[in-house]
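Here's a quick walk through a few spots worth a look.

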Protein chains: 2
Amino acid sequence: MSRSAIFLAGALLLADTVAGQTPAPKAPTMAEVLAASKPTDWRPLDPENTLYLELASGRVVIELAPSFAPRHAANVKALVREGYFDGLAIVRTQDNYVVQWGDPDAADAAKQRKIAHAQRTLPAEFTVPIPPGLPFTRLPDVDGYAPEVGFSGGFPAARDPRTGRAWLAHCYGMVGVGRDNEADSGGGPELYAVIGHAPRHLDRNVTLLGRVISGIERLSTLPRGTAAMGFYEKADERVPIRAIRVAADVPLKERAFLEVIRTDTPTFAALVESRRNRRDEWFKFAVGHVELCNVPIPVRPLGGGQ
Amino acid sequence: MSRSAIFLAGALLLADTVAGQTPAPKAPTMAEVLAASKPTDWRPLDPENTLYLELASGRVVIELAPSFAPRHAANVKALVREGYFDGLAIVRTQDNYVVQWGDPDAADAAKQRKIAHAQRTLPAEFTVPIPPGLPFTRLPDVDGYAPEVGFSGGFPAARDPRTGRAWLAHCYGMVGVGRDNEADSGGGPELYAVIGHAPRHLDRNVTLLGRVISGIERLSTLPRGTAAMGFYEKADERVPIRAIRVAADVPLKERAFLEVIRTDTPTFAALVESRRNRRDEWFKFAVGHVELCNVPIPVRPLGGGQ
């Protein structure tokens, strides 16, 4: 909103102090939290749970969340490993909603891409039993879509202690499994990424299995489709997928070495607080609230290097 | 999320009925609400409160909200009418946040675009007294950012009965006034539009003055700037503004004839309910909640024609 640096690390909010008294410790800005983070506040990506979606414009890196969609994550990897997506296309880009990719001929049994070993459909994984042993960093902030929201394993998530179920939340950049009207009609051959305001009403209605952690702009800037729901009207409007690969299958020198902030640490708790009440000088009104999908989950080159 | 039509008007959720009993009236889908709307459920744009942002890619139509930012709305019109923006540029596009436009040389007193009659800065209008006589359609749904949220005059808004103040909410497509660190350092020469998840923490921290009601995709698909905060690094990356015009100053044959749904009618209340609990067959889980920025405010050609 500003020509100057709104979020500069150095911007300080002057604390009210009384002469002769020690001022209360100033709460840090997000930039200050990140600058003070330790190497152990970050975790490297697991190459077995990382996908590279390769487009002409470059690479989109997706981290899978097998704790929340074990069968779908495994099936998408199986699809990837048999080359299912290579040469298919992005078929839909709807403004303020989703980018969707898969087989443009999926509805035509004669022309559709064959699947050798993976599954075309799977039972839905809209929710799962609360994953045992996986920390859940709960936000105290009210949420209208779920009894409890927070972060688990690096993903925005929700849970219901009453039912013992947990699920991922449709925040910006989340990746899910396209399906038809039947709950069990998805499986992984068609995937989507959120590129707009969080469509949280999709939570528990569709299986989410990961998050774009790098390259989302290669999806969010795509031309919007002009057919219903943002589908591309003509075949030549579709965006070809060169390949999707599991990072573990990619030669080391071609891999993206990234790390993601851990969401179960005091550093992450400080980051959340820095977004709940902005300490940057630009802000005049302390909000006292942060919505789940307004908390960033920072990603950086491995080791923090540039 | 589906290859088939998730949101088709004709998709029906089969009601549970008991033989011999009259089934309860089925709640309509949004498509059904819109199809059944009356001409009086819509309002034409006021050409005096409509701006056309003209880019090489086409037109972006912005509706001003003078009830919520009277001085800023008037000043932006004054800037437009003296040709202030013509030949300036979009200077910043930050993914999942904002597109911002104005004078790339604003910080250089020698080179900056001169202002003849309008104001360069104005006292902030972060909040205003609750506009008398302007209906406020309150959402019953919980909101973490404001005591009360809803729709007023066609815009997503919030209010605090305790303070008697109201303000617009930073939903997707909302247009606001860039400023520096001082609250009163904005005025209209630099504007922004939201192109990502609603940054509601900006509410009450910056003056909002309108909403993009057509052509948002001409902004949301722009290449993301690679300098800090999404500013374009090089001058030739900026997107030139051919002109901004007040619709009333544009010859009739060049105007966009659009109408916006009224937000103070039973039809709009039905639309909100259709988004709170989706009746479309695709949905398996009735959410029972809708967030302010997930309620669409439909726009269509005047009279509903295509």
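How many residues lie between β9(A) and β10(A) in their hairpin, and which residue in the turn has a positive phi? There are four residues between the two strands, and G164(A) is the one with the positive phi, at about 75 degrees. Keep in mind that this is a predicted model.

Now for the pairing around that hairpin. Strand β10 of chain A covers residues 165-168, and two strands pair with it, both running antiparallel to β10(A). Here they are side by side:

| Strand paired with β10(A) | Residues | Bridges | Partner of R165(A) |
|---|---|---|---|
| β6(A) | 128-129 | two | P129(A) |
| β9(A) | 155-160 | four | D160(A) |

Next stop, helix α4 of chain A, which spans residues 266-276 and is where T267(A) sits. Is T267(A) buried or exposed? Its relative accessibility is 11%, so T267(A) counts as buried, the cut-off being under 20%. Skipping neighbours within four places in sequence, T267(A) touches V33(A), S37(A), K38(A), D41(A) and I261(A).

Finally, the two chains. The same surface serves both copies, with 100% of chain B's contact residues recurring in chain A.

Conventions. Residues are numbered from 1 along each chain as its sequence is written. Chains are lettered from A and ligands numbered from 1 in the order in which they are written. This is a predicted model: local features need pLDDT of at least 70, side-chain atom pairs count only at pLDDT 80 or more; totals for chains, interfaces and linings use all residues. Side-chain values use heavy atoms; hydrogens and water are left out. Two strands pair if DSSP finds at least two bridges between them. Buried means under 20% relative accessible area, exposed over 50%, partly exposed in between (1.4 Å probe, protein chains only). Contact means heavy atoms within 4.5 Å.
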